[in-house]
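This report describes the fold of a single chain.

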Amino acid sequence: MSSSSLPKEGNRGQMKMEGIEGDATVGGAGRYILNPTRINSEDIIFCVDVDAESLVEMKTAGVTRLDSIKQAMLLFVNSKLSINPDHRFAFATLSKTASWLRKEFSSDVESTIAAVRALSATTVSTGQADLTNLFRLAAHEAKKSRAQNRILRVILIYCRSSIRPHHQWPVNQKLFTLDVMYLHDKPGPDNCPQAVYDALVDALEHVSENEGYIHESGHGLPRTLFRFMSMLLSHPQQRCPQDDCDIPKPLMKKSAESANGEDNNVHVSTSR
């Protein structure tokens with residue numbers, strides 16, 4: 001299953017444009033004023049699936065999904081701190097339910113490296129994952145973040161190809177933003193990644209305060225994971241709906257048809 005074969009679930013949020021005023025009296029053109037709004041620093045919880053499927057080998061020999069996830073998180077943290085050194089990070093794991101790996105939020109890179117090194121996976125399947133406790137932990141931390149004029153985001157990295165997660169969470173409690181990175185096998189008789197993906201989209205829409213993004217990959221390529229994680233660097237308060245997001249645009253060699261002027265389309269990478 002390629003990423004483009006997965007259905008778009010519709011616009012999962014509308015961009016809020018409060019404080020816009022129009023005035024068409026200047027030269028016949030519209031004049032718009034957008035009142036400034038505060039962009040809060042983020043507290044980000046990484047929640048990593050440590051089921052046995054996180055130990056599946058990627059297409060790079062000797063590299064597992066968990067190995068690539070660790071590299072991607074370190075890349076994300078270093079990049080995020082280069083944008084704003086006030087962002088903070090904590091870490092959790094997901095087996096049957098979520099539990100803390102490092103509860104204290106920190107901007108210290110060495111602390112992040114230590115937490116990432118401590119990540120390990122079970123060698124046996126843990127069955128169906130219940131996201132309820134993850135949402136409960138996040139909601140509790142989100143209230144503390146708000147008291148400090150910060151916002152909270154959860155980045156869930158999920159690796160099970162045939163087991164849909166479930167949760168029990170009130171629909172009117174949206175206190176944080178949820179992003180999802182889904183790594184899976186290609187579809188076959190023993191798995192159903194499409195059904196799992198749909199369940200993850202439902203969970204995202206159910207709990208996200210701001211526009212949450214979901215990306216998936218069944219290719220087994222670390223660079224694909226890194227590319228999607230770099231897209232999650234975008235601040236939740238500055239995002240457009242994911243269906244309107246057309247980045248990154250890959251640099252592709254022009255085909256013979258394009259060289260002959262027969263193909264003038266811009267090729268855009270899609271995440272779903």
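## Architecture of the chain

Strands β3 and β4 run parallel and are joined by seven bridges. Within this pairing, Asp49 has Leu94 in β4 as its bridge partner. The structure is a predicted model, and the description below should be read accordingly.

On its other pairing, β3 is linked to β6 in the parallel sense, over seven bridges. Here Asp43 stands opposite Leu152 in β6. Strand β3 comprises residues 42-49, and eight of its eight residues are buried, so the strand is largely enclosed by the rest of the structure. Burial here denotes a relative accessible area under 20%. Both faces of β3 are covered: Glu42, Ile44, Phe46 and Val48 are buried on one side, and Asp43, Ile45, Cys47 and Asp49 are buried on the other. For the chain as a whole, 45% of the 272 residues count as buried.

The sheet that contains β3 is open and has six strands, in the order β5-β4-β3-β6-β7-β8, with mixed pairing. In general, the strands of a sheet pair through backbone hydrogen bonds, either parallel or antiparallel. A further parallel pairing joins β6 (residues 151-158) to β7 (residues 177-183) through six bridges. In that pairing, Thr177 in β7 is the bridge partner of Arg153.

| Strand pair | Bridges | Sense |
|---|---|---|
| β3 and β4 | seven bridges | parallel |
| β3 and β6 | seven bridges | parallel |
| β6 and β7 | six bridges | parallel |

Two helices are placed against strands of the sheet. Helix α2 (residues 109-117) lies across β4 (88-94) and β5, and runs at about 170° to β5. Helix α4 (residues 193-207) lies across β6, β7 and β8, and its direction is at about 170° to β7.

A helix-to-helix contact involves α1 (residues 65-83) and α5 (residues 222-231), whose axes come within 10 Å and cross at roughly 30°. This crossing angle makes α1 roughly parallel to α5, given that angles under 35 degrees count as such. The crossing of α1 past α5 is right-handed. On the α1 side, the contact is made by Ser68, Ile69, Gln71, Ala72, Leu75 and Phe76, which meet Pro222, Leu225, Phe226 and Met229 in α5. The residues of this contact divide into eight nonpolar, two polar and no charged.

At the level of the whole chain, there are six helices and eight strands. Along the sequence they follow the pattern β-β-β-α-β-β-α-α-β-β-α-β-α-α. Among contacts between residues at least 6 apart in sequence, 76% join residues at least 24 apart.

The phi angle of Asn149 is near 60°, a positive value in a residue other than glycine.

Conventions
Residues numbered from 1 in each chain as written. Predicted model: local features only at pLDDT ≥ 70, side-chain atom pairs only at ≥ 80, totals over all residues. Heavy atoms only, no water. Axes fitted to C-alpha atoms, helices over the stretch in contact; angles between N-to-C directions. Helix = DSSP H or I, 4+ residues; strand = E, 2+ residues; numbered from the N terminus. Parallel < 35°, antiparallel > 145°, perpendicular 65-115°, else oblique. Left-handed = near helix turned anticlockwise from the far one by under 90°. Contact = heavy atoms within 4.5 Å. Nonpolar A, V, L, I, M, F, W, Y, C, P; charged D, E, K, R; others polar. Pairing = 2+ DSSP bridges. Buried < 20%, exposed > 50% of the residue type's maximum accessible area, 1.4 Å probe, protein only.
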